[in-house]
Structures are given as C-alpha cells and as structure tokens.
Amino acid sequence: MNKAIKVGINRIEFSTTENYLTLEKLAEAHQIDPAKYLYGIGQSKMAVPTPDEDTISIAANAAQDVLNTMTPEEVNTISTLIFATETGVDQSKSGAAYLMGLIDIHPNCRAFEVKQACYGGTAGLQMACDMVRARPDESVLVVACDIARYQQNTPGECTQGAGAVAMLITADPDIIEIDAERGCYSADIMDFWRPNQFKHALVDGELSKDAYLNVMTSSYQGYLVNGGKPLDQLEWLCFHQPFTKMAKKAFEHLSAQYPEQMADKTDAAYSISQQYGREIGNTYTASLYIGLLSLLDNAEQDLTGQTIGFFSYGSGAVGEFFSGTVNKNYRHAINTLANQQKLAARTALSYDTYCQYMYQLRDYDQANIRYNPTSGSNFRLAAIHDNKRVYERVLEPMSKAA
Ligand code: COA
C-alpha cells in the first residue's frame, strides 16, 4: 500500500427525516419514567420517516448535497458509488443502482451495495480509501443510510432513528485524512439480525452491548499492532452510537482498560460527537459518521491537525478501530449552519402519528400502491408499480429543469 498518498474525506453531508418523536412522548405512551430514555439510554429524539421515505430517498438527499458542492469536472472523477445499508429495499438490485437514477452523477462508474450491519459504512469508507490510494486521480462516493426499526413496545423501540451520510473520498482531502493503520476483528455472534421475512430487527440487547465492548478492545489491540497511535495520541474519540449511552460505555471501558493512555481525557473527548445522534437516533451504517460531523460542527476550538480515533461496530459481528487527522480546510468544506438548520427545522409528531408512520402505513409488501406526498424532502418514494419502486425528485436538476 502506498502510505505516502494522503486520502480521506473531502466532503461530507448528512440527511435525516423532517419529523421526529420526542423520547418524552414515547416514555409517556410506555408509561415509564422519561429519565430512562433521556439519561439511561441517552436519547432525546428519534427521526421518524414518513411512508414515502425509505433508505433510498433519505440517502439521495445526502448524496445530492455532496454533488451540489462539486464542479462537473470533479463529479467526473467519481469512479465508484458505494451504498452501505442494513435496511435495503431489494434482495438483488442495489440501493446504489437506484441512486444512479436519482442523483446528478455520470453513468461511467461502478455502483454497488455493501452490508454488514452497522459496520457497512466503514467497509465502504476503507474500501474507498484503498481505491483512491491505488488510483489517486479518482474519487469514490460512499453513501450510508438506514432506518432503525424495532418491534413496537420492545426495549429496542427507544433506540430507533433514520438518517444518511454521504462522503466523497479523494486524495489530499479537505476534511480529514484517514490513516492507513487499522485494526479489525470479526466473529460469528448472534447479537442482532433480521431474517428475510422480518421487517424489523431482532436483537439480544445485553449480548450486543457486551459484544460491542469486547470487539472494540480486540480491534484497538489490532490497530496498535498494525502501527496505530495509542489512545493518548488521539485527541478525540468517535464511537459507533446505537444510542449515546453506548458510546459513554465505550469510553468508560477504554478508560478502565487503559487508564494511563486515557488519563488526560475528559468526557468532552467523545461527547461533542454525540450531539447530532442524540437528536436523530440510531442510523446504523451512518451513525459513526454523523458523530464525526457532530464533532466537526460543534467543537468550539479549531480541530486542525488534531487526531480522531474511530471505533466502528456492526453486530454479527465486525469491528474496526482506525484514526484520522483533521485538515486545515475542514471548516470551509463542511456546512455547519445548514447542518444545524436541518435539525432545528424539523417537526415534532404526536405519538399516534408516529405509530402510523412507523408501523401502520409502512407497508411495502404491496405490488401496487401510491404514496401521498407527505415528506417535504427533495426525493421521495412515489409508488410501487408492478413490484417496481418508483421514486420522485421534487426539484429537477438545473440542466433538466431548463
Ligand atoms: N432513570 C435513569 N436511568 C434509568 C432509569 C431511570 N428511571 N431506568 C433505567 N435506567 C438506565 C439503566 O440503569 C440502564 O443504564 P446502564 O446501561 O448504564 O446500566 C439504562 O437505563 C437502560 O436500561 P435497561 O434496563 O438496560 O434497558 P432495556 O432492557 O430496556 O434495554 C437496550 C436497553 C439498549 C438493550 C435496548 O434498548 C436495545 O435492545 N436496543 C437495541 C440494541 C442496541 O442498540 N445494541 C447496542 C449495540 S450495537
């Protein structure tokens, strides 16, 4: 591998739904103390998709936002579109192929989907970094999107959410250079799964928390063996966040295992990366990178030259510990105000409307159905016609609209 070539994230955008449910309302409906969800789980809101939103439409919004920051010449350098999800809409056709029909990308690229629970986004990112190390003139668009959905009235319900992240991977990146050193750990663990006949995930919650922490330790050890930086050289930590309390547990676990390396770290080292996730809920493949964006947008100090340690976990299970260094151009390359506005402009739902959107009207089994335009975003699922999904773009690209 050519480690001399600097590669990493040159652009990053996120999208989520325009509606949310507060965890207070969920606690009221479940007749439990809201403090369990707000502090015990560490979530304040969950993003709720409308019936005409799915992983493709939510992903398209984030991907198009990245393309909107690029010149046509830059778009032409994209050799590959990688779509990561564990809540895909088709067993055969990739979400990336759907995106090819929706966003302003050229057709001369390979487009495919990757899956390994919440780890898929990192699989895509690392694959993309290696592709760009091998061909530095090319770029790769990585899109990660999920709708986290559990059975109603189960312990997982309070950790639902929905969102996407899109990242453009290039040489000499403006936002963060991803180090070549990494540590991975994979094992067959039955902590979280979704058989084909199920519309919601099945989870062994306690096992998943233990597996997360054990896989993190093994991944970090592998990262060190492969030449990675010890924790005391990583100023910030971004953990996969199924719910923010899990990232707190990860931080405490590392502090207990490596007290000397963690001695100088305060909670701020990981908690700034939780601000967006707390408001959105679990986004599976996108969650770690929405955490990165939360840190970049909300850290008051200049992060230039500072190093971030990342832990990505996907149940089942695969973990990866890696690191990256923030570039001096990062503040110009991210859209902090727009990101904050995306969250501030959302609408709070009643519990009854949440139940309709999340459980009663979310029926994709029908061969023919039209969806009312409920979502206010630029891309939506308009219909299923003869078992074919039909998406709609509200704002046509300038060239087509003219
Ligand atoms: N006030 C404050 N905190 C409270 C509380 C209250 N009134 N009541 C409970 N809590 C705390 C508990 O002490 C616990 O904290 P701890 O984990 O630090 O000990 C936390 O809230 C959760 O309570 P618990 O009883 O363990 O929750 P649960 O059995 O309802 O399930 C999960 C929690 C995470 C297992 C469940 O939401 C789940 O399965 N989520 C999906 C799986 C997942 O995301 N796994 C993560 C790894 S990928």
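Q: What's the strand order in the open sheet of three strands?
A: In this predicted model, the order is 15-16-17, and the pairing is antiparallel.

Q: Which strands stand at the edges?
A: Strand 15 (369–370) and strand 17 (388–393). Each has a single partner strand, so one side of each is left without a neighbour in the sheet.

Q: How many bridges join strand 16 to strand 17?
A: Six, with strand 16 covering residues 379–385. The two strands run antiparallel.

Q: What stands opposite H385?
A: K388, in strand 17.

Q: And which helix packs on the sheet?
A: Helix 3, residues 55–67. Helix 3 touches strand 16 and strand 17. Its direction makes about 145° with that of strand 16.

Q: What about phi at D172?
A: Positive, about 45°, although D172 is not a glycine. Most residues other than glycine have a negative phi.

Q: Where is D172, and is it buried or exposed?
A: D172 is in the loop between strand 7 (161–171) and strand 8 (176–186). D172 is exposed, because its relative accessible area is 57% and the cut-off is over 50%.

Q: What is phi at Y284?
A: Also positive, about 45°, and Y284 is not a glycine either. Y284 sits in the loop between helix 11 (275–280) and helix 12 (287–298).

Q: Is Y284 buried or exposed?
A: Buried, at 2% relative accessibility.

Note on methods:
Residues are numbered from 1 along each chain as its sequence is written. This is a predicted model: local features need pLDDT of at least 70, side-chain atom pairs count only at pLDDT 80 or more; totals for chains, interfaces and linings use all residues. Side-chain values use heavy atoms; hydrogens and water are left out. Two strands pair if DSSP finds at least two bridges between them. Helices (H or I, at least four residues) and strands (E, at least two) are DSSP runs, numbered from the N terminus. Contact means heavy atoms within 4.5 Å. Axes are lines fitted to C-alpha atoms, for helices over the stretch in contact, and angles run from 0 to 180 degrees between N-to-C directions. Buried means under 20% relative accessible area, exposed over 50%, partly exposed in between (1.4 Å probe, protein chains only).
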